[in-house]
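Hi everyone, and thanks for coming.

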Amino acid sequence: MKNTGKLWLLAAAALLFLVPSAFADSIVTVNGTYAFANNGYGIPPYGGTLNGQAEQFYCVDFSHDITAGQSWKVIITDLSSADYSSTYLKSQNTYLEFVWLITQMIGTSDKTAQAADQWAIWSLTGGSDPFTGLNSASTLLFNAQTAVTGGFTGQGWEILTPAPGNYGQEFVVKTPEPSSLLLLGAGLCGLFLFQYRKRLAF
């Protein structure tokens with residue numbers, strides 16, 4: 001019985017090490033919904049699920065067509081990561097610019113502005129730029145770079161890149177709340193305390 005507490009602690013430590021590796025097997029499924037159409041393309045957020053949980057996806061990839069019901073495995077890269085080797089563009093600065101533009105999209109109800117921000121993102125991944133003037137890709141990307149240089153960190157966002165051998169679009173998403181991990185941790189703590197009190201009773 002003396003080793004029971006140690007076993008629970010070992011199990012908790014193992015789970016903590018295993019949780020990050022689960023990200024390599026994350027599954028994206030798109031349902032074909034989007035906010036609205038512009039110039040023949042759906043403007044995000046796209047609807048779907050990430051590991052079975054409802055999610056809104058923001059597209060940062062114009063070069064891969066997808067259809068409703070399509071699923072693929074993804075590798076998740078946190079925007080604060082130092083390693084971007086799994087991503088398509090390999091550049092933290094570029095993804096920070098993308099996320100800054102997405103935050104501008106989220107912060108306005110003006111569909112023209114939202115579409116212009118999205119086309120600015122797509123212009124760096126194979127898309128054209130149907131906008132001019134203040135809504136042109138060159139102007140918006142300059143604004144994004146200024147924001148990144150000024151300290152925009154993109155905290156709370158992740159990149160979902162199709163895993164090797166999988167076809168799909170690269171997305172960015174808001175980092176999910178760690179509620180499930182908190183519940184798991186609380187459960188493990190409860191079990192450990194129960195076993196500890198049980199041991200003291202003997």
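Let's start with a pairing: Val30 stands opposite Gly48 in strand E4. Strands here, like helices, are DSSP runs numbered from the N terminus, with at least two residues (E) for a strand and at least four (H or I) for a helix. Before I go further, please keep in mind that this is a predicted model, where local features need pLDDT of at least 70 and side-chain atom pairs count only at pLDDT 80 or more, while totals for chains, interfaces and linings use all residues. Residues are numbered from 1 along each chain as its sequence is written, and side-chain values use heavy atoms, with hydrogens and water left out.

Back to the strands. E1 and E4 pair in the antiparallel sense, over 3 bridges; two strands pair if DSSP finds at least two bridges between them. E1 also runs antiparallel to E6, and 4 bridges join those two. In that pairing, Val28 stands opposite Trp72 in E6. Which residues of E1 are on its covered face? Ser26, Val28 and Val30 are on the covered face of E1, residues 26–30, whereas Ile27 and Thr29 are on the uncovered one.

Now the overall picture. The protein chain has 5 helices and 8 strands, and along the sequence they follow the pattern α-β-β-β-β-β-β-α-α-α-β-β-α. Of the 202 residues in the protein chain, 38% are buried. Buried means under 20% relative accessible area and exposed means over 50%, with partly exposed in between, using a 1.4 Å probe and protein chains only. The accessible surface of the protein chain is about 11,200 Å², and carbon and sulfur atoms hold 60% of that; these areas come from the Shrake-Rupley method with a 1.4 Å probe, and for residues only the protein chains shown count as cover. As for contacts, meaning heavy atoms within 4.5 Å, take those in the protein chain with a separation of 6 or more: 64% of them are between residues 24 or more positions apart.

Next, some backbone features. Most residues other than glycine have a negative phi, and most peptide bonds are trans. With that in mind, look at the peptide bond from Pro44 to Pro45, which is cis, with omega near 15°. Pro45 is in the loop between strand E3 (41–43) and strand E4 (46–50). Asn39 is not a glycine, yet it has a positive phi of about 55°; you'll find Asn39 in the loop between strand E2 (36–38) and E3. Lys90 is not a glycine either, and its phi is positive at about 60°. Lys90 is in the loop between strand E6 (71–78) and helix H2 (92–106).

On to the aromatic rings. How many aromatic pairs does the structure hold? There are 12. Rings of Phe, Tyr and Trp (its six-membered ring) pair if their centres lie within 6.5 Å, and planes under 30 degrees apart count as stacked, over 60 as edge-to-face and the rest as tilted. Take Tyr41 and Phe62: their ring centres are 5.0 Å apart and their planes are at 50°, so this pair is tilted. Tyr41 lies in strand E3 and Phe62 in the loop between strand E5 (53–59) and E6, so the pair ties together parts that are 21 residues apart in sequence. Tyr41 is partly exposed, at 37% relative accessibility, while Phe62 is buried, at 18%.

Phe62 has another partner, Trp122: the ring centres are 5.4 Å apart and the planes at 55°, so that pair is tilted. Trp122 lies in helix H3 (residues 111–122) and Phe62 in the loop between E5 and E6, so this pair ties together parts 60 residues apart in sequence. Trp122 is buried, at 2% relative accessibility. Ring pairs link Tyr41, Phe62, Trp119 and Trp122 into a cluster.

Not counting residues up to four places away in sequence, Thr161 touches several residues, including Lys73, Val74, Tyr88 and Glu170. Thr94, in helix H2, is buried as well, at 18% relative accessibility. Leaving aside neighbours within four places in sequence, Thr94 is in contact with Leu89 and Leu124.
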